[in-house]
Amino acid sequence: MASANLNIMIKAARKAGRSLVKDFREVENLQVSVKGAGDFVSRADHEAERIIKEELRGARPTYGWVGEETGSEAGEDPTRRWLVDPLDGTTNFLHGLPHWAVSIALEHKREIVAAVIFDPAKDELFSAEKGDGAFLNDTRLRVSGRRTMIESIFATGVPFGGARDLPATLRDLARLMPQTAGVRRWGSAALDMAYVAAGRFDGYWERGIKPWDIAAGILLVKEAGGFVEAIDPAQSAVDSGALIAANAQLFDGFARLIRET
Ligand code: IPD
Ligand code: CA
C-alpha cells in the first residue's frame, strides 16, 4: 500500500506528465524554428514544475523544495524536502525523442524515503518507498542478476557544452567499453537509474550530475536490491554530483574501475 506522501507524488507526476505529453506532440511541429522549439520546451519544462510545486506544496506546505527550474526554498520543517526534476531528458524532448521523465523524490533527515520517476511516453511509472521495495506500475522490481562485466550493459551521461567532467568521462569510457557488453548514453539520468532498478541496465555512472537528476533513482536502485555510492565514497550520493550504481555482484569491480580514473 502506497503511503499518503507517495500518492501525492504520483498524482503530481501524472498531472505534470499530461501537460508534458500535450507539449511533446507540439514539439515536432515546431522543429522548423530551432529557437522557437527551444523556447517552447523551456516553457513546457517550467509549466511542469509549476504544476508539481502547486500539488506538492499544496498538500505539504511545511516541506522544503529543490526544483531544477525554481531552485531551493527552505520549509518550516527543516527535516523534509522535495527534490524535483520536472523534465529529465530535455534534449530528447526537444528533438522529438520519446525518452524523458518526471522525477520526484522526498528526503527526510538527509535520506531519500520516497521516489517517483514517470515516463509518460511509455506509460511507465517507477516508484519506491524506503523499506517497501521498488515497482514499475504494479510489478515489483529487481536489479539484474548478471555477474560479469563482459555480459553487462552500463548507462552513463556524457557531458556536453564544454563541461569540465568530459576528460574524466572519456577516460572512464576508454577503460570500461572493452570490458563490457556496451555503454548506453540515452539522455535521461532518471530513466538510466530506473532502468538499473528494473534490471534493464546492469549499472550506471555519471559525473557532473545534480541532486534532482538522481535523488529518486537512488532509492529505486537500492529498493530493487542494487548498490549506489558517490564516486568519492566520502561524500553523500545525492549531493556529490558523481555517482555509481549497479547490482550487488557487479558493484565492487565496476566501482574500482571508475574510481581509478
Ligand atoms: C540531463 C539528463 C542527462 C544527463 C545530464 C542531465 P536534463 O538532465 O539527465 O542524461 O547526462 O547530466 O543534466 O537537463 O535533461 O534535465
Ligand atoms: Ca535533469
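Predicted model: local features only at pLDDT ≥ 70, side-chain atom pairs only at ≥ 80, totals over all residues.
## Where the ligand sits

Let's start with the location. Ligand 1 is found in the largest pocket. On its own, ligand 1 would expose 380 Å², but the protein buries 84% of that.

## Who's in the shell

A total of 14 residues surround ligand 1. The closest ones are Asp-88, Gly-89, Thr-90, Ala-189 and Glu-206. Sort the shell by residue type and you get six charged, five polar and three nonpolar residues.

Where do these neighbours come from? If you go by strands and the like, the largest share comes from strand β3 (residues 77-88), which gives three residues to the shell.

## Polar contacts to look for

Now zoom in on the oxygen atoms of the ligand. At Thr-90, a polar backbone atom is 2.8 Å from an oxygen atom of ligand 1. Ser-188 also uses its backbone: a polar atom there is 3.1 Å from an oxygen atom of ligand 1.

With Arg-185, look at the side chain instead. One of its polar side-chain atoms lies 3.5 Å from a ligand 1 oxygen atom.

How values were computed
Residues numbered from 1 in each chain as written. Chains lettered and ligands numbered in written order. Heavy atoms only, no water. Near = heavy atom within 4 Å. Polar contact = N/O pair within 3.5 Å; in protein donor to acceptor, adjacent residues only side chain to side chain. Areas by Shrake-Rupley, 256 points an atom, 1.4 Å probe, with all protein chains shown as cover. 1 Å grid on protein atoms, 1.4 Å probe; cavity = no way out; pocket = protein on both sides within 12 Å on 5 of 7 lines; lining within 4 Å. Sits in = over half its atoms within 2 Å of the grid points. Helix = DSSP H or I, 4+ residues; strand = E, 2+ residues; numbered from the N terminus. Nonpolar A, V, L, I, M, F, W, Y, C, P; charged D, E, K, R; others polar.
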